[in-house]
Amino acid sequence: MFHQNAMSTVWLERPAGAAAEAGIAEEEAHAMEDFVYHRPVLQREVLRLLNPKPGFLIVDGTCGGGGHTEALLETGADVLALDQDPDAVQHVSKRLARLGRRIVVRQANFRHAAGVLDELGIRTIDGALLDLGVSSRQLENAARGFSFVRNGPLDMRMDPQTQLTAATIINEYSEEELTRLFRELGEEPAARRIASLIVKMRKTSPFRETLPLVRAIEKLVGRHGRQHPATQIFQALRIEVNDELRALEDGLRVLTARLAPGARIGVITFHSLEDRIVKNFFRDHSRAWLDKPEWPEPRRNPDHDLKLVTSKPVEPADEEQRANPRSRSAKLRVAEKIHEPFTSKKL
């Protein structure tokens with residue numbers, strides 16, 4: 001349950017930076033109202049595996065459009081809803097205002113969840129959920145720069161207050177840095193060729209918008225199959241701009257440390273890089289013993305604080321995939337806290 005003193009000061013708090021960025025045309029700002037968030041993926045599975053109950057406090061670290069948040073609240077649980085995107089914070093605050101003091105919405109990256117919990121006077125939580133990736137609303141708003149089918153600035157910041165943009169990366173990273181980025185974060189086979197082309201083209205005409213970059217990639221690589229040739233490059237840029245993989249590693253540590261015994265954490269991923277991090281973290285924290293050939297005997301694992309709830313990732317049923325194509329690549333992994341979290345001063 002939320003502390004009353006914390007609730008009275010931060011209930012449905014709206015961040016000061018939630019207004020649209022300067023320079024967005026008025027008609028685009030009006031068009032944003034028509035954009036919708038994607039329907040929540042694997043919602044039934046999330047509720048079944050997290051098992052929220054009345055009186056529980058669940059952290060939804062990526063509230064987005066509020067679909068999972070609302071479903072968790074409908075079970076009777078209280079929810080601390082976080083999102084680094086001020087547009088999402090405003091949307092969820094308005095959408096779920098009717099639920100009053102059972103929900104707190106704050107603008108924050110889930111990697112900073114500990115700070116928010118400390119401010120609220122909350123030491124442990126009864127569950128956590130992360131639904132990773134980019135939302136349909138972000139993709140459909142050209143001004144955010146995530147889309148490779150709508151022209152807009154090369155931005156891709158989920159939090160508009162951060163400094164690094166996709167334009168900075170494209171125009172200032174060296175050819176070697178771009179190659180590494182496209183290869184490691186985009187898993188793009190043509191990484192070096194694309195990086196070389198970008199460096200050559202930006203000498204005479206820097207990239208400022210999305211579609212010129214998309215057209216250059218498409219002309220070089222060509223179209224093969226259903227996936228757009230710019231998909232992996234845009235994935236790499238988005239991950240780099242928002243430091244997504246390191247944020248995930250930080251968030252898993254922070255949220256797991258705050259789980260009460262028996263509480264569960266669930267993570268929905270949409271590509272192999274994210275899923276690998278979650279898989280390895282849950283594996284490493286669910287091993288009671290460690291062993292190496294050079295050791296005389298196995299040793300207790302100091303990080304052992306979880307047990308696996310899902311030995312393999314849960315994927316959407318065929319029915320959900322047909323109804324919501326975005327769900328096709330989704331994977332849900334869940335683990336459960338097995339003993340008291342870290343020892344710290346009482347708040």
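Analyst: Seven strands make up an open sheet of mixed pairing, in the order β3-β2-β1-β4-β5-β9-β8. Strands (E, at least two residues) and helices (H or I, at least four residues) are DSSP runs, numbered from the N terminus. This is a predicted model, in which local features need pLDDT of at least 70 and side-chain atom pairs count only at pLDDT 80 or more, while totals for chains, interfaces and linings use all residues. Residues are numbered from 1 along each chain as its sequence is written, and side-chain values use heavy atoms, with hydrogens and water left out.

User: What makes β3 and β8 edge strands?

Analyst: Two strands pair if DSSP finds at least two bridges between them; β3 (103-107) and β8 (306-308) each pair on one side only, and they are the edge strands.

User: How do you know that β1 and β2 pair?

Analyst: Four bridges join β1 (residues 57-60) to β2 (residues 78-83), and because the rule asks for at least two bridges, the two strands count as paired. The strands β1 and β2 run parallel, and Asp60 stands opposite Ala81 in β2.

User: Why is α9 called roughly perpendicular to α12?

Analyst: Helix α9 (residues 175-184) and helix α12 (residues 231-242) pack at an angle of about 105°, with their axes 8 Å apart. Axes are lines fitted to C-alpha atoms, for helices over the stretch in contact, and angles run from 0 to 180 degrees between N-to-C directions. Angles under 35 degrees count as roughly parallel, over 145 as roughly antiparallel, 65 to 115 as roughly perpendicular and the rest as oblique, so α9 is roughly perpendicular to α12.

User: Which residues of α9 and α12 meet?

Analyst: With contact meaning heavy atoms within 4.5 Å, Arg180, Leu181 and Phe182 in α9 meet Ile233, Ala236, Leu237 and Glu240 in α12.

User: What makes a space a cavity or a pocket?

Analyst: On a 1 Å grid over the protein atoms alone, a cavity is a set of points where a 1.4 Å probe fits but cannot get out, whereas a pocket is an open set with protein on both sides within 12 Å along at least five of seven lines; lining residues have an atom within 4 Å of a point. By this rule there are two cavities of 30 Å³ or more. The lining of the largest cavity has 32 residues, with Thr62, Asp83, Asp131, Leu132 and Gly133 nearest its centre. The largest pocket is lined by 25 residues, and α12 gives the most to this lining, with five residues.

Methods: Grid points are joined across faces, edges and corners, and a volume is the space filled by probe spheres set on the points.
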